[in-house]
There are 2 protein chains.
Amino acid sequence: MAVSIGEAKALVEKEVQLLSVKEVLLEDALGSVLAEDVEATLDLPNFDNSAMDGYAIRHGDVESNDENQLSLVGEVPAGGFSDHLLEQNETIRIFTGAAVPKGADTVVMQEHVTATDDGIKIDKLPVLGANIRLTGEQIGVGEVALVKGTDLNPSALGFLASFGITKVKVFESPAVSVVITGDELVDRGNELGQGQIYESNSIALISAIKESGIESCSMHRCLDDKDALLKLVKELSDKSDLVIFTGGISVGDYDFVGEVLAELQVNEVFYKVRQKPGGPLYFGKKAGKYYFGLPGNPAAVMSCFYEYVLPALKKMKGSEHVFLPQANLPLKNGFSKNPKKGGFLKGKIHENEVEILDRQSSSMMRSFAKADCLIYVPENKEKFEPGELMEIHYLPQRK
Amino acid sequence: MAVSIGEAKALVEKEVQLLSVKEVLLEDALGSVLAEDVEATLDLPNFDNSAMDGYAIRHGDVESNDENQLSLVGEVPAGGFSDHLLEQNETIRIFTGAAVPKGADTVVMQEHVTATDDGIKIDKLPVLGANIRLTGEQIGVGEVALVKGTDLNPSALGFLASFGITKVKVFESPAVSVVITGDELVDRGNELGQGQIYESNSIALISAIKESGIESCSMHRCLDDKDALLKLVKELSDKSDLVIFTGGISVGDYDFVGEVLAELQVNEVFYKVRQKPGGPLYFGKKAGKYYFGLPGNPAAVMSCFYEYVLPALKKMKGSEHVFLPQANLPLKNGFSKNPKKGGFLKGKIHENEVEILDRQSSSMMRSFAKADCLIYVPENKEKFEPGELMEIHYLPQRK
């Protein structure tokens, strides 16, 4: 029984389990997901410091001092430190990020003072406490800095680095195998025979997997031969966490993917989704390994990849938001479709609306190359009018 | 003279020039930008082929045949080919993607026929021409498939692969050097002395550069020492297309970046932007090389990187849309700021509004780690109310 798009996505999110946890160097953690809460190992900042290049003062001195004159008794550059306890009517030159000397309670920015013979005159007194970043004002030691499930983006890595942290626990990244089936497919660089076409799914899929930050991805070609396919899938099941097939998943006489997976006792989670493109999509699992059978048409392959396979990969590596980010935008152009199926159209976002691109057929990549989103079209509905609000899914290729 | 945010961004886009053109293998082109129009070297599809598993027929035969009976005279699998010219009341079994035999004008899907002793009975006749993908219906030979300036995303690579193309001309990717200055900075894994902090900008910057698809990025540390900095910058200017400095760009007594660049006769394009964070931002150029002096505070570094440096890198490698993608969203929470400066706030997108995150100080990465956008706040305006429409810039780290 074919399932709806919503059912299929919910099944993917439910059935796929997280991979195991490993410890990595912070510099190798980009794109991974935290497998534990990380606590602040320091106050940030770790000491009261100046937010400006200026002068550290005792605020009360200037309030009670008609001349606004202070004597200069030292200097603290960033990274330096002064042991001097600031006495009445004294000031210390201080630079951005430098530790505020004991006794000082305010920093006057350098643009608001005038140099005198033995010190400075304050031209403009700020409020008490101004221009000082207080110990722990960003975060206090022991507080949770980042929670389990956080995507380790460049800024998150920078934040962790500011505690001096060198290693973090993250979820393993899945090892993926891609199996391209189809006797009609010819490798680039060779001549096409009659009835043959160039194989183009592998470069698109492998690039998309690589772009998602997954490094372990192997590519395999298989003719439409059941025994060869069975042998290959056995091998790949040992060394992969997830196997993607393209082609061979329909009910044609040369479609062996479903048969082979059944023979290997892979449990079918769903086969066939009420959608266009990608109706014959298969999803199965066995012993913590996952299997996606995608149709062979290139645009169906990429639609299914971004809507189902990429979410499975993200779930495995610990992400909490596994589906493409969404928004609602009004349609620029209307269209009609078969009300029995939902689906995804290649779209282009303009200022405040979304355009359905030309040439949506599942065999056509021309529109996918130019798309920056997929437009979700629900089932049980035939006509969509210009101006109608649609759910759009941003593609990673959006620039 | 400080420039506005708009002026600074326009200057970056105007002054930065494209790098030279190189030819690469298609499998090495992910993330590059096309440096020439690419023409279709084949019709796509290259031959009339079946969109279904089914039976190739002559439509008129069935219309004029009360029995709807046809004799089966052959089979064409995908990748195969039949030389048989279909005669009256004949049919050939055909699979998805297979070449339609001569004489046939329509394909009946297999679900709409019944097997008979020597052939099939058509239960439901589709319209003339149904289920056939016509030669060239995606694109005709000689038409422009992708124009110069196209980002080679996974789908674009798949589209080019379907022509059998093996190499493409793209723009070179910039070689970047990052110079971290500051005597107060300590490498992770070491003990902090008094007044010292952990160096955290390099991992954030290098990760963000890597995430943008640029592979050539070297990291350098330099103390606040003018001679050492001068020597380093001379070396790096020879081997880099763009140099990024963090710290050392204010007017403090230990800030040597501006002095060193002036001494090396780098032409200042702008120094200081009326913005918060990142007011002391410097941008210069010399002989096709570019220099960005960023402040030392981590959140200012990343703001300036995403708003100014990343666009420069994208321009160099040929992208046509160099700034972060934008949208307009209503504010969840109001705020006030200094009307003399514009700036960027770390934001989080919710269903249909954007939230300004807590702790926006330029020294605090906590909010940046959680942000999925920067909220642009214009100058000449002080108060922003909840519900007010703001221009937001999506960060690459949005998931």
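The model is predicted, so local features need pLDDT of at least 70 and side-chain atom pairs count only at pLDDT 80 or more, while totals for chains, interfaces and linings use all residues. Residues are numbered from 1 along each chain as its sequence is written, and chains are lettered from A and ligands numbered from 1 in the order in which they are written. Chain B superposes on chain A by a rotation of 180 degrees with 0.0 Å of shift along its axis, at an RMSD of 0.1 Å (least squares on C-alpha atoms of residues with pLDDT of at least 70 in both copies). The two copies are thus related as by a two-fold rotation axis.

**Interface between the chains**

- In the interface, 72 residues of chain B are in contact with 72 residues of chain A (contact: C-beta atoms, placed from the backbone, within 7 Å).
- Helix 3 (154-161), strand 15 (197-198), helix 4, helix 7 (298-316) and helix 8 (366-370) of chain B each supply at least two residues of the side that touches chain A (helices are DSSP runs of H or I with at least four residues, strands runs of E with at least two, numbered from the N terminus).
- That side of chain B divides into 32 nonpolar, 27 polar and 13 charged residues (nonpolar: Ala, Val, Leu, Ile, Met, Phe, Trp, Tyr, Cys and Pro; charged: Asp, Glu, Lys and Arg; polar: the others, Gly among them).
- The copies meet through the same surface, because 100% of the interface residues of chain B are also interface residues in chain A.

**Helix 3 of chain A against helix 4 of chain B**

- Helix 3 (residues 154-161) of chain A packs on helix 4 (residues 201-211) of chain B at an angle of about 165 degrees, with the axes 7 Å apart (axes are lines fitted to C-alpha atoms, for helices over the stretch in contact; angles run from 0 to 180 degrees between N-to-C directions).
- Helix 3 of chain A and helix 4 of chain B are therefore roughly antiparallel (angles over 145 degrees count as roughly antiparallel, under 35 as roughly parallel, 65 to 115 as roughly perpendicular and the rest as oblique).
- From helix 3 of chain A, Pro154(A), Ser155(A), Leu157(A), Gly158(A) and Ala161(A) take part, meeting residues of helix 4 of chain B that include Ile203(B), Ala204(B) and Ala208(B).
- The residues of this contact divide into six nonpolar, four polar and one charged.
- Helix 3 of chain A is largely enclosed by the rest of the structure, because eight of its eight residues are buried (buried: 20 or more other C-beta atoms within 10 Å; exposed: 12 or fewer; partly exposed: in between; C-beta atoms placed from the backbone).

**Helix 1 against helix 7 in chain B**

- Helix 1 (residues 5-15) of chain B packs on helix 7 of chain B at about 20 degrees, with the axes 9 Å apart.
- These two helices of chain B, helix 1 and helix 7, are therefore roughly parallel.
- Ala8(B), Lys9(B), Val12(B) and Glu13(B) of helix 1 meet Tyr308(B), Pro311(B), Ala312(B) and Lys315(B) of helix 7.
- Five nonpolar, no polar and three charged residues make up this contact.

**Single residues**

- Ser212(A) sits in the loop between helix 4 (201-211) and strand 16 (217-222) of chain A, and is buried, with 20 other C-beta atoms within 10 Å.
- Beyond neighbours within four places in sequence, Ser212(A) is in contact with Leu310(A), Leu313(A) and Pro396(A).
- Lys231(B) lies in helix 5 (residues 226-239) of chain B and counts as partly exposed, with 13 C-beta neighbours inside 10 Å.
- Ala228(B) also lies in helix 5 of chain B and is partly exposed, with 14 other C-beta atoms within 10 Å.

Conventions:
Two residues are in contact if their C-beta atoms, placed from the backbone, lie within 7 Å.
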